[in-house]
Amino acid sequence: MYGDHLETVCGCVVGGAGPAGMGFLFNALKSGAMPELAREGLIIVDASPNPGTGRLGDYRITANSVGDVFLDCLRDPALRDVFEPLEHSPAYWRIRRQAQSAPQLADVAELLAEASTLVLNFIVEHYGVKLWTRTTITEVVQDDDEYHVWVEAEGRTRRIRCRALVLNLGGRQDPQHLLDSLADQGLAVPPSARVLSADTLLRMNAVELRDVFASTLARKGRICVVGGSHSAFSVLENLADALEFAGLTEVTLVHRSQIRLFYETAEAALEAGYAFDPQKDVCPVSGRVNRSGGLRYRALDVGREALAKGRIGKTGVRLHMWQTLEGPVGHFDQARQALAESEVVVQCTGYQPMLPVLSYAGGGAIRLMEVKGGLDSDPSGCPLDSSGQRLYGLHLFGLGAGLGVDPRLGSEASFDGRIYGVWQFHNDASGAVIDAVLARLQQPVVQPVSVARRRVANREEQRQPFIWPVLANAPS
Ligand SMILES: Cc1cc2nc3c(=O)[nH]c(=O)nc-3n(C[C@H](O)[C@H](O)[C@H](O)COP(=O)(O)OP(=O)(O)OC[C@H]3O[C@@H](n4cnc5c(N)ncnc54)[C@H](O)[C@@H]3O)c2cc1C
């Protein structure tokens, strides 16, 4: 394993060590799979200097789950010694004090960052795992039974050959995706409108938001938020809080389907006067209403208030809500007019996976098949290419990719998106990936190595400079 400086060979690469990649590593450690996973060599590659939390801590909002859900990711007898230092961590105690309420994501990220550092140090020391920080994956080439992962660090390029690649580089919001999905419904945004992504706005403070919207507010321009999920209601609240005193009086929300609210039980939903479909909206396993697709915690409060009073959060900012698919009479036309008049349209319609250039060794580009809310993959996150071929050995399940609902764990029938979240990354989602990766590492290699080597020579000619590493933690 590992090899020389010209190229590195290992069993598995974990590309991206944000909450998804780290969930995989935590789970491998606590389930006892780490020795097996690291046997042929395990390299963790992440672009940031301090991997562990990805973007999660940048969002200026509360979590969509209680603090205990995050603590549960750390609570395992197998991890007790590794996490002992957390007893002295202010971040840990802050989350513990909010075990039954939703903490700020910044606090969650601080805890996950500390826990991730402990896990990374431990697996590097005990299992010979290599951690390459400040290293960017630029390209992945599938060559028969292997993946060639091209990475760059400090201006230098090198290649890792591996049999399994767990690739979670986060998500992005492509404005064209929004325009296409609106066009599918017969809706359009005027060419003069600015399309802003929720992802960017949710990372801004009030001063930054006022800056972005100053000219629109000065002209009393219309602002339209598109989407109906947690992000949409978080954006609405952040905008209303930041901009009310700068002159914001109303916002329009255009959403495709009904706004769904989460309730622990059907009785609680009935008591609250919430209308739901007992067949389609209730999870048969847990009995929860809109378990996967419903607004929770702060977004739930904002959503409820908006539905009941037409106002956003604690502010006086009015909210007009127009449903475009099977909505009440007149809603579609109102939505079309609102979009046509908008100066700013905020995209809150989900994520696409951030991917490096993906190609076959023969030269063609690999396009991954998509489904609503993410990638079309099997329960272990193994995707299909556009010709329907499964890319064995490649696994994606983080932001923008997600996984389909596991019927054994339950969900509501009306939910047709993909599932992702920190707890899933640490448990069910990564569990299936670990099983698939271990099974693959145990299979004999199909392709003789000499063929792969011949192709490297060609690529080396194309790629200059190919200079050998002074990479952080590079194998020596
Ligand atoms: C607004 C918002 C709120 C959310 N709130 C919650 C919540 O409350 N609870 C919850 O459970 N989930 C929440 N999620 C969902 C999910 O848990 C987070 O999005 C989480 O950050 C996703 O983790 P990730 O690892 O897939 O991606 P990221 O967090 O984006 O991490 C990606 C990692 O890949 C690395 N990387 C990126 N590009 C490269 C490259 N080319 N080469 C090498 N490394 C690279 C980055 O440095 C980073 O470490 C939320 C998501 C959003 C968008």
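Is D68 buried, partly exposed or exposed? I looked up D68 and found that it is partly exposed, with a relative accessible area of 25%, where buried means under 20% relative accessible area, exposed over 50% and partly exposed in between, with a 1.4 Å probe and protein chains only.

**Ground rules**

I note that this is a predicted model, in which local features need pLDDT of at least 70 and side-chain atom pairs count only at pLDDT 80 or more, while totals for chains, interfaces and linings use all residues. Residues are numbered from 1 along each chain as its sequence is written, and side-chain values use heavy atoms, with hydrogens and water left out.

**Salt bridges**

I took a salt bridge to be a side-chain nitrogen of Lys or Arg within 4 Å of a carboxyl oxygen of Asp or Glu, and by this rule the count comes to 26 salt bridges.

I returned to D68, which forms one of these with R75, the closest N and O atoms being 2.6 Å apart; R75 is partly exposed, with a relative accessible area of 45%.

I then looked at R156 and E154, whose salt bridge has its closest N and O atoms 3.9 Å apart. R156 is partly exposed at 26% relative accessibility, whereas E154 is exposed at 61%.

My next entry is the salt bridge between the side chains of R219 and E343, at 2.8 Å from N to O. This pair links distant parts of the chain, 124 residues apart, with R219 in the loop between α8 (206-218) and β9 (222-226) and E343 in strand β12 (residues 342-347); helices here are DSSP runs of H or I with at least four residues, strands are runs of E with at least two, and both are numbered from the N terminus. R219 is exposed, with a relative accessible area of 53%, and E343 is partly exposed at 21%.

I also recorded a network of salt bridges that links E7, E146, R159 and R161.

**Positive phi**

Most residues other than glycine have a negative phi. I therefore noted K220, in the loop between α8 and β9, whose phi is near 55 degrees, a positive value in a residue other than glycine, and which is exposed at 74% relative accessibility. R134, in the loop between β3 (130-132) and β4 (136-143), has a phi near 50 degrees, again positive in a residue other than glycine, and is exposed at 53% relative accessibility.

**Helix α12**

Which residues of helix α12 are buried? In this helix (residues 331-341) I found H331, A335, A338 and L339. Seen down the axis of α12, these buried residues fall within an arc of 95 degrees, so they line one face of the helix; the arc is that of the directions from the helix axis to the C-beta atoms. What covers them includes α6 (175-184), β9, β10 (250-255), β11 (318-323) and β12.

I followed the axes of helix α1 (residues 19-30) and helix α14 (residues 428-442), which come within 9 Å and cross at roughly 70 degrees; axes are lines fitted to C-alpha atoms, for helices over the stretch in contact, and angles run from 0 to 180 degrees between N-to-C directions. That makes α1 roughly perpendicular to α14, on a scale where angles under 35 degrees count as roughly parallel, over 145 as roughly antiparallel, 65 to 115 as roughly perpendicular and the rest as oblique. The contact (heavy atoms within 4.5 Å) is made by G23, F24, N27 and A28 of α1 and by S430, G431, V433, I434 and V437 of α14. Its residues divide into 5 nonpolar, 4 polar and no charged, where Ala, Val, Leu, Ile, Met, Phe, Trp, Tyr, Cys and Pro count as nonpolar, Asp, Glu, Lys and Arg as charged, and the others, Gly among them, as polar.

I then checked H426, placed in helix α13 (residues 422-426) and buried at 2% relative accessibility. Not counting residues up to four places away in sequence, H426 touches P19, G23, F26, N27, K30 and C73.

**Helix α9 with α11**

My last entry concerns helix α9 (residues 230-243) and helix α11 (residues 297-309), which pack at an angle of about 75 degrees with their axes 9 Å apart, and that makes α9 roughly perpendicular to α11. H230, F233 and E237 in α9 meet R298, A299, V302, G303 and A306 in α11, and the residues of this contact divide into 4 nonpolar, 2 polar and 2 charged.
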